[in-house]
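Let's take a walk through this structure together. Have a look at the model first, and then we'll start with a helix.

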Amino acid sequence: MLQADRGYDADWIRALAARKGALANIPPRRNRNDPVCFSPSLYRARNLVERFFNKIKQCRRVATRYDKLAANYLAFIQLASIRLWLRVNESTP
């Protein structure tokens with residue numbers, strides 16, 4: 001499922017997603033003449049993903065991509081994710 005905002009509402013982007021086997025859930029622009037399939041309930045989940053990336057980029061090492069190797073970068077993203085998860089779950093009884 002490709003989730004994107006209105007800025008990515010173009011026919012060629014939707015066609016590219018279809019060729020790759022993904023469904024595009026992009027809200028249509030106001031000036032679009034032909035109706036497209038759009039699910040507002042699925043689009044709300046996009047906010048959770050964006051908030052996660054915002055929180056993970058608070059770690060300077062992730063935001064500036066200090067690591068040259070993809071494996072090291074992925075490992076640090078996993079460490080930062082664990083740190084966020086622990087911070088959220090430490091206050092629950």
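Which residues in α4 are buried? Keep in mind that this is a predicted model. In α4, the buried ones are Tyr 73, Ala 80 and Leu 84. They sit on the same side of α4, because they cover an arc of only 40° around the axis. Turn to the other side of α4 and you'll find Ala 71, Leu 79 and Trp 85, which are exposed. So what covers the buried residues? The cover includes α2 (40–56) and α3 (60–64).

As for the helix itself, α4 runs over residues 70–89, which makes 20 residues. From first C-alpha to last it reaches 28 Å, close to the 28 Å expected at 1.5 Å a residue.

Now for the empty space. Rolling a probe the size of a water molecule over the atoms shows where such space is left. The largest pocket here has a volume of about 190 Å³, and α4 gives the most to its lining, with 6 residues. Sorted by class, the lining has 5 nonpolar, 1 polar and 3 charged residues.

One last stop is Leu 16, which lies in helix α1 (residues 11–19). Leu 16 is partly exposed, with a relative accessible area of 34%.

Note on methods:
Residues are numbered from 1 along each chain as its sequence is written. This is a predicted model: local features need pLDDT of at least 70, side-chain atom pairs count only at pLDDT 80 or more; totals for chains, interfaces and linings use all residues. Side-chain values use heavy atoms; hydrogens and water are left out. Helices (H or I, at least four residues) and strands (E, at least two) are DSSP runs, numbered from the N terminus. The expected span of a helix is 1.5 Å times one less than its number of residues. Buried means under 20% relative accessible area, exposed over 50%, partly exposed in between (1.4 Å probe, protein chains only). The arc is that of the directions from the helix axis to the C-beta atoms. Contact means heavy atoms within 4.5 Å. On a 1 Å grid over the protein atoms alone, a cavity is a set of points where a 1.4 Å probe fits but cannot get out, and a pocket is an open set with protein on both sides within 12 Å along at least five of seven lines; lining residues have an atom within 4 Å of a point. Grid points are joined across faces, edges and corners, and a volume is the space filled by probe spheres set on the points. Ala, Val, Leu, Ile, Met, Phe, Trp, Tyr, Cys and Pro count as nonpolar, Asp, Glu, Lys and Arg as charged, and the others, Gly among them, as polar.
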